[in-house]
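Biologist: Could we go through this model together? I would like to begin with a single residue and then widen the view.

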Amino acid sequence: MKTVLKNLLKIILYKVGLYSVVRNVYNWLYLRNAIIEIEIAHQKVSYYSPTFKIIEDFKEINEKEILEKFIEKIKGGDVVWDIGANVGLYSILLAKIVGEKGNVVAFEPEPNTFLFLSKNVSLNKLHNITTINSALGKEEKFGELFESATPNIGAHSFVQRTDY
């Protein structure tokens, strides 16, 4: 019942255009100093988290196997692009693996998420990550980024969704 009410409230706030505002205030009040520390592929990293969803995902590390297999292909000195970098989970791990002779270019179009990406790069004292507050596509143009109506900040899209 609690989940149903929670989802109903999200839908109502989204429909009246207040979901982002309420979510941002809530996250600012409760999460502005939350730091998560994880270890993947023998690399320890720290992250500021903008939402409880990210905290839950990091605790579960449901992408851990994918990350570990991907990381096996990366070596020192490589240049890697992280397109849709979110808060930097991949970027920060990759920067540690490519080392000072390598570079990671992290693209994140959503301004608030980009701030967390930038904070996380600083938190981990990395100088081999270039962060760019932009999206990438097959042609140069401007588009509207629609914010996710869910706590998943990685679900923002240039296609407006109504299936929440």
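**Notes on the model**

Modeller: Ser134 has a relative accessible area of 31%, so this residue is partly exposed; buried means under 20% relative accessible area, exposed over 50%, and partly exposed in between (1.4 Å probe, protein chains only). This is a predicted model, in which local features need pLDDT of at least 70 and side-chain atom pairs count only at pLDDT 80 or more, while totals for chains, interfaces and linings use all residues. Residues are numbered from 1 along each chain as its sequence is written, and side-chain values use heavy atoms, with hydrogens and water left out.

Biologist: Where is Ser134 found?

Modeller: Ser134 is in the segment after β5 (129-132).

Biologist: How many helices and strands does the chain have?

Modeller: There are 6 helices and 5 strands, taken as DSSP runs numbered from the N terminus (helices H or I, at least four residues; strands E, at least two). Their order along the sequence is α-α-β-β-α-α-β-α-β-α-β. The chain has 164 residues, of which 38% count as buried.

Biologist: Which residues have the most contacts inside the largest nonpolar core?

Modeller: Those are Ile38, Ile40, Tyr47, Leu89, Leu93 and Ile129, in a core of 24 residues. Such a core is a set of buried Ala, Val, Leu, Ile, Met, Phe, Trp, Tyr and Cys residues joined through side-chain atoms within 4.5 Å. At least two core residues come from each of β1 (35-40), β2 (43-48), α4 (64-72), α5 (89-98), β4 (103-107) and α6 (111-123).

Biologist: And which element gives the most to this core?

Modeller: That is α5, with 7 residues. This helix is largely enclosed by the rest of the structure, because 8 of its 10 residues are buried. They are Leu89, Ser91, Ile92, Leu93, Leu94, Ala95, Ile97 and Val98. Just after α5, Gly99 takes a positive phi of about 70°.

Biologist: Turning to α6, which of its residues are buried?

Modeller: Thr113, Phe114, Phe116, Leu117, Asn120 and Val121 are buried. Viewed down the axis of α6, they fall within an arc of 160°, so they line one face of the helix; the arc is that of the directions from the helix axis to the C-beta atoms. Exposed Leu115 and Ser122 sit on the face turned away from the buried side.

Biologist: What is the relative accessibility of Leu117?

Modeller: It is 0%, so Leu117 counts as buried.

Biologist: Which residues form the nonpolar patch on the surface?

Modeller: Leu5, Leu8, Ile12, Val16, Leu18, Val21, Val22 and Val25 form the patch, with about 700 Å² of accessible area together. The elements giving two or more residues to the patch are α1 (2-15) and α2 (19-31). Patch residues have over 30% relative accessible area and no salt bridge; like charges are joined within 9 Å, nonpolar side chains (Val, Leu, Ile, Met, Phe, Trp, Tyr) within 5 Å. Areas come from the Shrake-Rupley method with a 1.4 Å probe, and for residues only the protein chains shown count as cover.

Biologist: Finally, how many salt bridges does the structure hold?

Modeller: The structure holds 1, where a side-chain nitrogen of Lys or Arg must be within 4 Å of a carboxyl oxygen of Asp or Glu. Lys75 pairs with Asp78, their closest N and O atoms being 3.5 Å apart. Lys75 counts as exposed, at 54% relative accessibility.
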